[in-house]
Amino acid sequence: MDTICIPLQLLFTQYSLLFQRCPLYMEPQNLTGVSEFFLLGLSDDPDLQPLLFGLFLSMYLVAMLGNLLIILIISSDPHLHTPMYFFLSNLSLADISISTTTIPKMLVNLQTHSKSITYAGCLAQVTFLSLFAGLESLLLTVMAYDRLVAICHPLHYLVIMNPRLCILLVLTSFAVSLLTSLLHYLMMSQLTFCTKVEIPHFLCDPPQLLNLACSDTSTSKILIYFIGTIVGGIPLSGILYSYIRIISSILRVSSSAAKSKAFSTCGSHLSVVCLFYGTGLGVYLSSAVLSSPRKGAVPSVMYTVVTPMLNPFIYSLRNKDIKSTLWRIISRIA
C-alpha cells in the first residue's frame, strides 16, 4: 500500500507545481498553439473609446503628414541634398514606420471594440518596433556626428561627409537594428504561453510578454534588458561625446554671432534627442519599476505617437531652409 501512495504523492506534487505556474483556468500550450493575444489598451471605460480613437487618429495623421512633408521638401529642393537633410529624411521615414507599426492596429481595435491581435501580428509588432526604434536611435547618433564634423571641421565637411560615407552610415544603422530586431523575434518566438493571454498594453511589449509567459524567462529578461542597454546606451554615449566636443569647440570661438549660429544648427537635433531618449528611458524604467503594467503604457504613447508627431515641427519651425522651401511649394501650388 505504501509503495502505491508514494508515486501518487509525487504525481500530486508535480500537478500542484504546474498549477502554481499557470492558473486553473489556463492550460499550458506551446506558443505555436496560441492563435491570438488580447491587447487591453489604455482604458476599459467604453465612454473613453471614441475620445481615444479621435485623439490617436488625429495624432497619427499629423505624424504621417508632417514626416511625409519633410521628405517631400528635402527631395524636391536640390539645395537640401546635403548630408544633414539626407539623415533627416531617413529619420522621418523611421518615425513614420514606428507609428505605423502600432497605431493602426490600436485604431482598428478601438473602432471595432475588439482587443485581439493574432500571434503573427504580435510577433510582427515586436520585431518591427525594435527595428525602427533602434534605427532612429542610431540615426540620431549619426546626425550628432554630422554636426560634430560640420562645427569642428567646417573646411573638410564635404570631404569627410561624402555621399558614400552617408549611405554607409545609414545602411550600417539599418543592419545593426535589423540584427537586434531578429534577436527580439527569436526570444519572443521561443516563449511558452498559457491560453487567454491578456496584455495590459496597446501594443505587444516584450517585457509584458515575458511576464505573461509560463516558461522560465529569467535568461530572456536579462538578455532583453542587456540589448536595450546596449542599443540605447552606446548611441547615447556617442551623442554625448559629440556634443561635448561641439560645446568645447564653440566656446573657443570669440564671436558671439558665430557661437549663436553654431548653437542654432544643433538646437533642433538636441531637442529631438531629448524627446526620443527621454520617452524611451520612461518606457524602459516603467517596465522595470511600476507595479501597475498599464501605467507603463503612458510613456509608450509618447514614444510611438507623440515623438514622431513633434519631430517635423521641431525641425521645420527652427529651420529657415525647410521653411523657405515649404513656402515655395505652397506658393507654387496656390
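The buried residues of α11 are I322, T325 and I329, where buried means under 20% relative accessible area, exposed over 50% and partly exposed in between (1.4 Å probe, protein chains only). Because these residues cover an arc of only 70° around the axis, they sit on the same side of α11; the arc is that of the directions from the helix axis to the C-beta atoms. An α-helix has 3.6 residues a turn, so residues three or four places apart point the same way. The face of α11 turned away from the buried side carries the exposed residues K320 and W327. On the buried side, the packing partners are α2, α3 (83-112) and α10 (297-317), with contact meaning heavy atoms within 4.5 Å.

Helices (H or I, at least four residues) and strands (E, at least two) are DSSP runs, numbered from the N terminus.

The model is predicted: local features need pLDDT of at least 70, side-chain atom pairs count only at pLDDT 80 or more, and totals for chains, interfaces and linings use all residues. Residues are numbered from 1 along each chain as its sequence is written, and side-chain values use heavy atoms, with hydrogens and water left out.

The structure holds 4 aromatic pairs. Rings of Phe, Tyr and Trp (its six-membered ring) pair if their centres lie within 6.5 Å; planes under 30 degrees apart count as stacked, over 60 as edge-to-face and the rest as tilted. Two of these pairs are tabulated.

| Pair | Centre to centre | Angle between planes | Class |
|---|---|---|---|
| F56 and F202 | 6.4 Å | 45° | tilted |
| F128 and F132 | 6.2 Å | 15° | stacked |

F56 lies in helix α2 (residues 49-76) and F202 in the loop between β5 (198-199) and α7 (206-212), so their pair ties together parts 146 residues apart in sequence. F56 is buried at 2% relative accessibility, and F202 is buried at 2%. F128 and F132 both lie in helix α4 (residues 119-152), 4 residues apart, about one turn of the helix. F128 is partly exposed at 41%, whereas F132 is buried at 16%.

An unreviewed UniProt entry places the feature "transmembrane region" at several spans, including residues 85-103 and 165-187; such annotations may be inferred rather than shown by experiment, feature names are shortened, and positions are in the numbering used here. Residues 85-103 are 100% helix and 0% strand, with end C-alpha atoms 27 Å apart. Residues 165-187 are 100% helix and 0% strand, with end C-alpha atoms 33 Å apart.
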